[in-house]
Amino acid sequence: MKLLLVEDDRELRVTLREALTVEGYEVLAAASLADAMAQLTHAGHLDAVLLDLGLPDGDGEELLQALRRERSTPLIVISARQVEGQKIRLLDAGADDYLVKPFGIGELLARLRVALRHRGTVAQPAVTQYRRAGLEVDLQAHRVRRDGADVRLTPTEFKLLARLVRQAGQVVTHRRLLADVWGADATEQTHYLRLYMGQLRAKLEADPGEPCVLLTEPGVGYRIAEPG
Amino acid sequence: MVPRPLVQFLPWIATGALMALAWAGWKLRLAWEGLRAAQRAARLERALREFGDQMRDADRPEAHAHELLQALSGLAGLPAAALLRPACGEPDIVLGEPDANALAGLQLCADKCRALGPGTDYHAGEPDLYLPLRGRDTALGAVTLLGLGTATLAPDFLAHAQALCDQMGLALQHRRVQEEARRAGELAETQSTRNAMLASIAHDYRTPLATIMGSASALQTQGERLTHAQRQELAGRILDETARLVRLTDNTLQLARLGAPGVALSSDWESAEEIVGAALRRVRRRPDGQRVKARIEPQLPLLWCDAALMSQLLDNLVDNALKYSPAEAPVELVVRRVGGQALFAVRDRGAGIAPAWRRRVFDAFQRGDLAAFSQRPVGSGVGLAVCRAIAQAHSGSLSLRPRGHGGCSFEFRLPLRAAPELPVAAP
């Protein structure tokens, strides 16, 4: 597994690189966007990219586009609080997930694991089945069960759930959910999401007030918990 | 027959009578003029007194400058103009329509603090009369009567005009002194707040840093001699204290951000249930997180707010409630609708807060004054201050209510807005 780590802070770069190497990843490191772009063209196949926002030479959108032009290499954004807007822009533009600094290695490995599972799956999603906490979703069979019993969902509820399941374990921004479920002209209608997520939780969560499957990422979007 | 001597004296009598008449007339005229002068003086005095009263009560004396110009104009029947210097370092204010020459005259008059023009002993050949607006030691502007030419103003009019100008000058100076004092006060306050803030933040950082330093250095120097469990515990302590520092840093940065003018929130339609659900998920990761119980009124309308800020507010309130209440006591998070507001209450069964501290507990960086209190009040540093800033940024409020059987209820009220329409067709 080959990763590209783009991080301008030397200490953090060295720390992450060592930790990832211990986990068996081969890590290429870059300290700037220009450096990263160069590595991208010469490194050959990459399995994932970890991109720190707030690099001295750009906001990384360019890198994401270059990455998406040829391959669907997963990209995880590493952001600090003060670049919240940039993080959401990149997620809207197709970045796979994000981590907020400071984060633990465990969290990083979990995100990476999920991203690698979804690799290369834009046209044909790898994940069409989902199981967690008594919930079973089979996208191909169009079936949802909770504790073994069929659950009836409205078409919109199912579309919303399916969109989250296709990226299980990863955050999906409000804009992307709205665009994919309601259409490109509904991207501002966040209140649709609130309503339908509430309905889905009422049908699928053991305690809708304290969801453990359909998770909220305040100000960013939703994430269906990693299956398992 | 008329006695001769009488006829003989007739011219004398006539002359005498005429003289007496002339004398009486002269006396009458004097009296009349005296009366007129007295009336005029009284009128001027009254005008001066009224203008003086007006000036004393004026918050912005410069706003009354046109009245001064009107009064002066009335004295001479000529147009007037003025130049005001109400504040140090700010541009002059010009009223009326002085030409370049008159403007230069106004500047000179104000700079020299001296009347000039016809009837004065300074630039007497000028066509216009200039009078300074005299303060105690400097002129705060000048006025001019345009086109007096070779005529001069009557001495009492001139004195009256100068007196009116001085009223304005003194009022302007008074204002200027007040303004300078206010600014100096503000500056001192800002600086002392900043100092208190830096001291408080540094203090708050020191404790976790000491723990981190201690644990990390133990791992480094004694690593081999420690058991696996001991190493894990040290590492765990480093993580916990780092998390504390992260929260402190986030709060401090947020407080700085919200304190800046024109801060923009990323508001959207949010569901109270979701915001609380996400907060519960975060708090459950803490070892004492199971103590938190949430109650949300069903069918609450959507809220227009910044979800990230709301999360920060709830995290801080819940963190405080857990920190300052006994280990087994429940902490409640209640959301309900109260009139046109959504009420978020975080309730604990701690020792409560002494009445003297119920307001100040929201002020950041007040720790310097705590020495007199035996019980250390809550709100160490920035937590509650940032909560209040977040509440205010949402046009809401944050308050503290003591609970009936002990403990505190911190209550955030968020104004409700008319919710947007929902999709009609989509089932």
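Helices α6(A) and α8(A) are roughly perpendicular to each other, because angles of 65 to 115 degrees are counted in that way. The model is predicted: local features need pLDDT of at least 70, side-chain atom pairs count only at pLDDT 80 or more, and totals for chains, interfaces and linings use all residues. Residues are numbered from 1 along each chain as its sequence is written, while chains are lettered from A and ligands numbered from 1 in the order in which they are written.

**The helix pair in chain A**

- Helix α6 (residues 155-166) and helix α8 (residues 190-204) of chain A pack at about 90°, and their axes lie 10 Å apart; the axes are lines fitted to C-alpha atoms over the stretch in contact, and angles run from 0 to 180 degrees between N-to-C directions.
- A:T156, A:E157, A:L160 and A:L161 of α6(A) meet A:Y196, A:Q199 and A:L200 of α8(A); two residues are in contact if their C-beta atoms, placed from the backbone, lie within 7 Å.
- This contact of α6(A) with α8(A) has four nonpolar, two polar and one charged residues (Ala, Val, Leu, Ile, Met, Phe, Trp, Tyr, Cys and Pro count as nonpolar, Asp, Glu, Lys and Arg as charged, and the others, Gly among them, as polar).

**Chain A as a whole**

- Chain A holds eight helices and 12 strands, which are DSSP runs numbered from the N terminus (helices: H or I, at least four residues; strands: E, at least two).
- The C-alpha trace of chain A spans about 50 × 35 × 30 Å along its principal axes.

**Domains of chain A**

- The domain assignment, which is automatic or from a database, gives domain 1 (2-117) and domain 2 (129-224) of chain A.
- The C-alpha centres of these two domains of chain A are 27 Å apart.
- Their contact takes eight residues from domain 1 and seven residues from domain 2 of chain A.
- On the domain 1 side, α4(A) provides the largest share, three residues.

**Contact between the chains**

- Chain B gives 27 residues and chain A gives 18 residues to their contact.
- On the side of chain B, α6(B) gives the most, with seven residues.
- That side of chain B has 16 nonpolar, five polar and six charged residues.

Note on methods:
Parallel < 35°, antiparallel > 145°, perpendicular 65-115°, else oblique.
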